[in-house]
Amino acid sequence: METIQIVLLAFVQGLTEFLPISSSGHLILTPLLFGYELQSLAFDVALHLGTLAAVMLYFRREIATMTIAVLQSLRTRRFDAPDARLGWMIILATLPVIVLGLPLKSVLEALRDDPTLVALVVAATSIGFGLLLWWADFSGKRARDEYSLGWKAALFVGVMQAVAIIPGTSRSGITITAALMLGLTRKAASRFSFLLAIPTIIMAGGLETLDLLQAGEPVDWMSLLLGAALSFVFAYLTIHYFLKFIERISMLPFVIYRVLLGAVILMLVW
C-alpha cells in the first residue's frame, strides 16, 4: 500500500469509529472515491486494533474501576454499586451482537462484492439513521447519566448496536441514538457508546483475525503497524474532543453531514 493511502484510511477509521457517521461505510467508500483497490482484511483488523487501543487508554481508569467492581459483585453477590452496575450493563448490551452478529456479518460480506449496492446501502442508512439521530437528540430528555441504565435499556442499546453491522449505520451513531432515546445526556450517551465499543471491537477483531488466519494471505507488516499507530492517534484525539464539545454543539452537524453524504452518493450512483 502507498503511504498516502495508509494515512488516509487510518485518518478515516480513527475519526469515524467514534463519531456518529459510520466507520465501515467510510472505509468502503474512501477507496472507491480515490480510486484505490479495497484494502485487505488484515489492514482493516490493524485499523480497528488501533482504535481499540485508543478507547482503552482513554477510559483506562473507568475500565479498571468497573473490572474491580464487577469482580467484587460476583464475590459479594451485590450488584447495586454504580461501577459494578455499569460494568454489567455493558456486558449485557454486548450479548445481542454475539447472537445477531454472525448472521448480519454474512450480509456485509455479500455487499462488499457489489460496489453499487454497497453505495446505495450506505446512502440509505446514512440518511435514515442520521434523521433518527436528529429526532432522538431533539426529543430526548437528556437528564440521565450512563450509571442509571437498567437491564432493559442495556439490551435495547445492544440490539441497536447489532444493526450497525450494516454499512453506513454507524455503531457509535446508533448506540448514541438509542441512549438519547432513553433520556441520557449527550455526553453520557457517548461515554456509554464508547465503553460498549471495547468488547464489540475485541470480538469483531477476533473474528476478522480468524478469517485472516484461515485465508493464509501474505501480510505487509509495516503497513499494518503504521495504520494501527495512526488510527490510534486519530481515534484518541477524536474521543477527547468529541466528549469535550458534544454538549455544546449537539448532534446536528453530524446529522447534516450524514444526510448530505447520502444525497451525494445517490447522485453519483444514479
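Biologist: Why is Arg78 called exposed in this predicted model?

Modeller: Exposed means over 50% relative accessible area. Arg78 has 54% relative accessibility, and therefore counts as exposed.

Biologist: Which salt bridges does Asp137 form?

Modeller: One is with Arg142, where the closest N and O atoms are 4.0 Å apart. Another is with Arg186, at 2.8 Å, N to O. The latter pair links distant parts of the chain, since Arg186 lies in helix H9 and Asp137 in helix H6, 49 residues apart.

Biologist: Why is helix H8 described as largely enclosed by the rest of the structure?

Modeller: Of the 11 residues of H8, 10 are buried, so the helix is largely enclosed. Among the buried residues are Arg171, Ser172, Ile176 and Leu180. Their cover includes H6, H7, H9 and H10. Just after H8, Gly183 takes a positive phi of about 95°.

Biologist: What makes up the largest nonpolar core, and which residues touch the most other members?

Modeller: This core has 43 residues, of which Val55, Phe192, Phe194, Phe242 and Met251 touch the most other members. The elements giving two or more residues to the core include helix H3 (41-58), helix H5 (82-111) and helix H10 (221-249). H9 gives the most, with 9 residues. A second, separate core of 12 residues includes Leu9, Leu27, Ala42 and Ala228.

Biologist: What is in contact with Phe192, leaving aside its neighbours within four places in sequence?

Modeller: The contacts of Phe192 are Leu86, Met89, Ile90, Ala93, Glu146, Leu149 and Val157.

Biologist: What makes the nonpolar surface patch, and which elements give two or more residues to the patch?

Modeller: Trp134, Trp135, Phe138, Met181, Leu252, Ile256 and Leu260 make a patch of about 740 Å². Helix H6 (115-139) and helix H11 (252-269) each give two or more residues. Leu260 lies in H11. At 52% relative accessibility, Leu260 counts as exposed, and patch residues need over 30%.

Biologist: Which residues does UniProt list for "transmembrane region", and how much helix is found over 149-168 and 219-243 in that list?

Modeller: The unreviewed UniProt entry lists 86-104, 116-137, 149-168, 188-207, 219-243 and 249-269. Over residues 149-168 the chain is 65% helix and 0% strand, with the end C-alpha atoms 27 Å apart. Over residues 219-243 the chain is 92% helix and 0% strand, with the end C-alpha atoms 36 Å apart.

How values were computed
Residues numbered from 1 in each chain as written. Predicted model: local features only at pLDDT ≥ 70, side-chain atom pairs only at ≥ 80, totals over all residues. Heavy atoms only, no water. Patch = residues over 30% accessible without salt bridge, like charges linked within 9 Å, V, L, I, M, F, W, Y side chains within 5 Å. Areas by Shrake-Rupley, 256 points an atom, 1.4 Å probe, with all protein chains shown as cover. Salt bridge = Lys/Arg side-chain N within 4 Å of Asp/Glu carboxyl O. Helix = DSSP H or I, 4+ residues; strand = E, 2+ residues; numbered from the N terminus. Buried < 20%, exposed > 50% of the residue type's maximum accessible area, 1.4 Å probe, protein only. Core = buried A, V, L, I, M, F, W, Y, C linked by side-chain atoms within 4.5 Å. Contact = heavy atoms within 4.5 Å. UniProt positions renumbered as here; feature names shortened; annotations may be inferred.
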